[in-house]
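Biologist: Please show me the model, and then let us go through it by question and answer.

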Amino acid sequence: MTDWCMVIDLEKCVACQGCSIACRFENNTPAVSPQESKNGRAIRWNDVFPLPLHIAPDQGEYPNVKTHYITRPCMHCKNAPCVKVCPVQATFTDEEGIVHQNYNRCIGCRFCTVACPYGVRYFNWFEPKWEETLAEYRNPDQLSVNGSLEGPAVRPTGVVEKCTYCVHRLVKAREQAKVEGRDFRPDEYVPACVQTCTGKARFFGDLDDPDSTVSQLSKSLRAIHLLEDSGAHPKTLYLAEG
Amino acid sequence: MQQTINLHDRDELIAPLYQFDRKFWTTLVVLIVIIAPGMLLYARQLVLGLGVTDLNRPVFWGAYLVNFIFLIGIAMAGTVISAVLQLLKVNWRRPITRIAESLTVFGLMTAGLQIIMDMGRPDRLVFTLLYGRLQAPLLWDIASLTLYLLTAIFALYLQLIPDIALLRDTSPASAPLWRKKLYSILSLGWTGAKEQWRRLEKAITVVSVFIIPIGISLHTVTSWLFSTTVQPGWKSTILGPYFVVGAIFSGIGLLFIATTFARQYNKHLKEYITESFYTNLGWIFIVMSAVWFYFTLNETLVVVTEQETLEFPVMASKLFGEFAPAFWGMIILMIAATWILVAPKFVSDKPTRNPLFQTATGLVATAISIVIFFLLWLRLPALAAPAIQSILIFAFIVLFIFALLGVTKWMKTRIITSTVIASAFVLFGMWLERWNILLPTLTHARLIPYTTYNPTITEIAVTISTFGILTLMFVVFYKFFPSISIWEVEEGRALEADSTH
């Protein structure tokens, strides 16, 4: 069974936020006004932010400055806190290890957003809006099985959304292989952020295949997980700096 | 067989049910004026989305959830207290069981309302039944709330049956036909036969036994919403019992206020609900406050001493940070409430010339200490020097003690007024406690910058409107049913008469 995994090499990451923008256009996350963004309502499935977030007084002033940047997609935890608390199974882990979010099922209780230690989940406080012509360039892809609604589909007000490792691309790649009458290869599918990464710092693939790049990288001494003490068993791997 | 009633009871408890006088209509209009703005703003929230609140990322839950926990708490207490007193065969419970049980029902209804108001998609509420995951804590809460609500309604109704039958048989000729019909249907053919009494009492005992664990489970499960997550400040084993104790504590507070409100509304009730009720339940109130302080100390001291990197910032924000006014406000309110309850029991009745015990001293000290509290809260740069801060805090503590001592004599002679003041302090303090549990954790997320949360007009209006709805249900319900359990009081009198002969 395939076990999808992303590896991010922080040594190579230049914090250009290309992944964040690629994600926005691939997944139709709406931009919000600067005021709303200041209120903490911006939606960035793949966020880039400085670490440490909460700078101690003796670290913030020259020459005692030490800043790292980190880029953060969903961790697709093996023991996902968000999946455990969802009362209606609007979020669930599939057999390939991807944590899905079904907009047609979500009741907007925001328990998952509270439970996630990584803050990767976002809520639609208002109806999503696009400026003028931008709406015409939305990604038409969406994932809809038996009345569910996932992927880049435009979200209704009051539901939660999150990074899905661009799961619609996986479905598309599978369909393509089927049409062409051949077997699907795991390297036929990467999320938009991996495809766009300026510093080639992101890798994606099958963790179950011992020969895949991500498998090889996961054995690196630099390989770490974010907040390992959370007990969520996050899957997205980081290769630490230094 | 016709039900009989003591004529005195009929005049004072049943007659007012048919008097739709000016006082009633004024109360109704005032309540609707209080409720309306919140409902209009909620309608606006339904149309525009939850963005009209100040909720944000990471503060995904706010005032609505605080209200929810608070209301669940006051609701939990009513029936549990009534059931415990029932099983222990405590006699002074008789006049207050009805009010306690109805508070549970109304509290749970308004609590459920808060959850619906907090949902992004209230139209999908039914999904929790269609696709409910039994592994999810929220579903445990929904199940527990529904079960407790149904049991509480059942308990309330069981206690009501003999009184409804009384109403059916003793209603004045001028009573509207539909009310007579209503009582006749609801009384379920109660005639007061021996066998009916035997069954009723058995049923009440069974329900009382069952409702205690259900009630405790409800508030424990509500605490599990938080303590089963991995968020700092919440993942604690003490949260369950802490919530239950806080619930009973605040529930008694509301019970005092509701009973006094009913006494003020219908002056005749003063004969039934006497001062001894305030003294007796007051002792339970004091015990609960002691247990509450014990839990609060446990929760605070452990985190402060270990200074763990994730837990400590949350606690520090309560002790010294942006939540300090709410935290210390809560502590001060609770100390004051406990003092108001305890002090009169130990002070002599004799008048004294000691200036410390003069009401004027108390009032002056209270006024100055409130000014100092706000000065500390505002964190004026002019007063930021550590020495000035220390002096202010020291002055506050001294004046606070003066204030407590000063009002003691005054309280001694006014048990009911002082109990109501203490109850109001406890209710407000417990609301702040729920706030202090929920928000410091949410604003101190791990991978999201620290934020703040200031409720908008929508959340404030909806909160006010919620408490308005609670009062409205109380007022309307007691226009249809007597607020004193007549048959229980009658039974109490009979027992008393037996024991004196």
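Modeller: A polar contact is a pair of N or O atoms within 3.5 Å; within protein, one must be able to donate a hydrogen and the other to accept it, and residues adjacent in sequence count only if both atoms are side-chain atoms. This is a predicted model, in which local features need pLDDT of at least 70 and side-chain atom pairs count only at pLDDT 80 or more, while totals for chains, interfaces and linings use all residues. Residues are numbered from 1 along each chain as its sequence is written, chains are lettered from A and ligands numbered from 1 in the order written, and side-chain values use heavy atoms, without hydrogens and water.

Biologist: How many residue pairs are in polar contact across the interface of chain B and chain A?

Modeller: Both residues of a pair must be at pLDDT 80 or more. Under that rule, the number of pairs found between chain B and chain A is 24.

Biologist: Which element gives the largest share of the side of chain B that touches chain A?

Modeller: Helices are DSSP runs (H or I, at least four residues) and strands likewise (E, at least two), numbered from the N terminus. Two elements of chain B give two or more residues to this side, α5 (127-130) and α6 (137-170). The largest share, three residues, comes from α6(B).

Biologist: What is the area buried between chain B and chain A?

Modeller: Buried area is the accessible area (1.4 Å probe) that two parts lose on being put together, summed over both. Carbon and sulfur atoms give 61% of the area here. The total is about 3600 Å².

Biologist: Which residue meets Arg110(A) in a salt bridge?

Modeller: A salt bridge needs a side-chain nitrogen of Lys or Arg within 4 Å of a carboxyl oxygen of Asp or Glu. The rule finds one across the interface of chain B and chain A. Its N to O distance is 2.8 Å, and the partner of Arg110(A) is Asp118(B).

Biologist: Is Asp118(B) buried or exposed?

Modeller: Asp118(B) lies in helix α4 (residues 97-118) of chain B. Buried means under 20% relative accessible area, exposed over 50%, and partly exposed in between (1.4 Å probe, protein chains only). Asp118(B) has 3% relative accessibility, so the residue counts as buried.
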